[in-house]
Structure formats: C-alpha cells, structure tokens
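Student: I have a structure open and have not looked at it before. Can you walk me through it?

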Amino acid sequence: MFEDVTVTFNNSDPRCVTDYKVVNDKEEVWIDFTINSAKEDMYSYVFEVSAGTQQSTRYTIAITDPAKRRSFSTIIKLPNSAFPAAALRDGKQSYRICALNEKGVYIGDGYKKVTVDVNPSFMIYANRDIYLPDTVAKSLPSFLSLTDATGFSYTTASANAAKIDFGIYRKPGSNSTVQTPTWVVNLYSLNVTTNPLTVYDISGFSPKRATKFSQPVTGQATAFLTTAISGSSIETLAKARAITFNETTQTVPANGLAPGNAVFFLTPEGKYGMLYINAVTSDLQKRPYINVSIKVQR
C-alpha cells in the first residue's frame, strides 16, 4: 500500500534542497516537492521536521483542490512563520512529506526525506561558574569574557582588561530584612559610569570593553534552548530588547541574575548574544557563585 505513494523533491531553483544541502545562516531554503498517490485520494499532507534527538514536529496541511488529490505540488520556503519548528538551525535538520487519506490515515511518504545542514553560526559555552567577589584574597573568578567564557579574578583582571566583558556583585535586595537578608545579583561592565563595587578599584583598568547589555529578562529557558538555535535567531531575540546598559540595576532578587533569567548583549565587535543563568548557588566551601551558559554569534 505505502509503495503507491511517491515523493519527488524538485530542483526548480538554486535554493532548492533535493537530498542534502549545506547552507549558511540566513540563507533561504526551498522544499519544492510533488507527491503522487496511485490508488487513493490524498486529502492532506504532513510536513515533518526532525533534528537531532528531539521529537519530530508535524504540520498537517489540507489539499483543498479535488483535482490535486492524486498529484499535488507546492514549494515550502524556509524560514517560514507558518512552520516555526522548521526554522533553520545550526547543524542538520531533516524534512519529510507524508500523505493522508480522507480519514487522516497515513498512506505513504515515498521513503524519502531531505536534509539541510547549516554551517556553525554561533558559539555555545555551557555551565560556566562566576563567583561573587571575594574582597580579601580577591582570587576568585568574578569577571568573565563573553568571547571565550574565560573567567578572571580581580588579581588577574587588570592585565586582561581588554578581554573582560563584565563582572558580577551582589547587594541586599529591596525586600531584605536584617533578620532575613536576601541578595540580588547584578553585572557591570568595566566602563560603567559609577563602579558599583568600590572594593574593587577598576579605574586603572585599560582598555575597557564597551559591551552593552539588556536588563535581565525572566522566564528564558525555552528561548535559550529551542529558539536561540542560530546566529540570526540569537540576533532576533536580542534586538527585541533594549541593549543599551553598562550594568544591570535590579533591586529584587528574582529580577536580577536569577535562575531562568537571561541577559542579552552586544559586544564591541558587533556580535549579539544571550547569557542564561542556570543557577545561583554555593560551592562546598560555601562560596557563592552563579552558573551560566552563553550563546554568542560567531
């Protein structure tokens, strides 16, 4: 039965993918296909998207023209807002076309699929620890480079100022009490107008990177994992925010560098990125730190 359905991926344009195609981020891809059913009418087709180990996403599209129930052709152009899961992402993603009959029962896919392989367009640095400043020894890495996710302590920061994008600190939140202090964590760039952590004198650090930041955005786990999947998608997410700040200035812990929140940024080189906070915790020596993951355009 299933052998009665055939799918042909056509090569009507240089943007078409007929089997396997390597592209760069921001390139348009066309899936020009014809699906034929020899013995049974088709009432809809499924556009299936799969990448890596994620569960496939399926979109069902009706075939409304009775004259095309045995042979149907169209072009799906990606990216396409009608198929958000099909957004082009770094690495390989495959697409399949399946036919359904009047009852919505699968009747074949021609045993074919096409694969698009997008060249790497962003870097990801997972699970980097940034310690809250230690004001005595000043030896814990409380500064970070967004270029390669290298951490620096105050004692090594001056010699590496040109690499540092920000440092972190904490202060009592506006909802703190003497009996139950709560802490809000913020970040600041070296070129901040007023140093929020005066115990660390950064006035002599040079040069100072002019990285710009958004204020923290809450609830960004899904965006970081499933939307920020290419350099262009990271840029789109970032541009939706006001990236104009040299520091974050939150006063409530949940709005600062808190788990699930993200800060978007723009480096002096013009690279957009996303800093996601995984955890705010302490190590076995009870030294507080935040754990972050970073995605930044290449």
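Student: Which element gives the most to the lining of the largest pocket?

Tutor: That is α3, with three residues. Before going on, note that this is a predicted model, in which local features need pLDDT of at least 70, side-chain atom pairs count only at pLDDT 80 or more, and totals for chains, interfaces and linings use all residues. Residues are numbered from 1 along each chain as its sequence is written, and side-chain values use heavy atoms, with hydrogens and water left out.

Student: What volume does the largest pocket have?

Tutor: About 450 Å³, taken as the space filled by probe spheres set on the points, with grid points joined across faces, edges and corners. It is lined by 23 residues, and the closest to its centre are Pro84, Ala87, Leu88, Thr227 and Ile229. Two or more lining residues come from each of β4 (44-50), α2 (221-227) and α3 (231-239).

Student: How do the lining residues divide by type?

Tutor: Into eight nonpolar, 11 polar and four charged. Here Ala, Val, Leu, Ile, Met, Phe, Trp, Tyr, Cys and Pro count as nonpolar, Asp, Glu, Lys and Arg as charged, and the others, Gly among them, as polar.

Student: Back to α3. Why is it called largely enclosed?

Tutor: Because seven of its nine residues are buried. Buried means under 20% relative accessible area, exposed over 50%, and partly exposed in between, with a 1.4 Å probe and protein chains only. The buried ones are Gly231, Ser232, Ser233, Ile234, Glu235, Leu237 and Ala238. Their cover includes β10, α2, β16 (262-266), β17 and β18.

Student: What about Val46, is that buried or exposed?

Tutor: Val46, in strand β4, is buried at 7% relative accessibility. Leaving aside neighbours within four places in sequence, Val46 is in contact (heavy atoms within 4.5 Å) with Arg58, Tyr59, Thr60, Arg96, Ile97, Cys98 and Leu100.

Student: How far apart are Val46 and Arg96?

Tutor: They are 50 residues apart in sequence and 7.9 Å apart in space, C-alpha to C-alpha.

Student: New topic. How many aromatic pairs are there?

Tutor: The structure holds 15. Rings of Phe, Tyr and Trp (its six-membered ring) pair if their centres lie within 6.5 Å; planes under 30 degrees apart count as stacked, over 60 as edge-to-face and the rest as tilted. The pair of Tyr131 and Tyr289 is tilted, because the planes are at 40 degrees, with the ring centres 5.2 Å apart. Tyr131 lies in strand β10 (residues 122-131) and Tyr289 in strand β18 (residues 288-297), so this pair ties together parts 158 residues apart in sequence. Tyr131 is buried at 12% relative accessible area, and Tyr289 is buried at 15%.

Student: And how are Phe224 and Tyr276 arranged?

Tutor: They are stacked, 5.2 Å centre to centre with 20 degrees between the planes. Phe224 is in helix α2 and Tyr276 in strand β17 (residues 272-282), 52 residues apart. Both are buried.

Student: Which residues form the aromatic cluster?

Tutor: Phe143, Tyr154, Tyr169, Tyr188, Tyr200 and Phe205 form one cluster.

Student: Which rings have an Arg over the face?

Tutor: Arg69 lies over the face of Tyr43, at 4.0 Å from the ring centre, and Arg170 over that of Trp183, at 4.2 Å. The rule is that NZ of Lys or CZ of Arg is within 6 Å of the ring centre and within 35 degrees of the ring normal.

How values were computed. 1 Å grid on protein atoms, 1.4 Å probe; cavity = no way out; pocket = protein on both sides within 12 Å on 5 of 7 lines; lining within 4 Å. Helix = DSSP H or I, 4+ residues; strand = E, 2+ residues; numbered from the N terminus.
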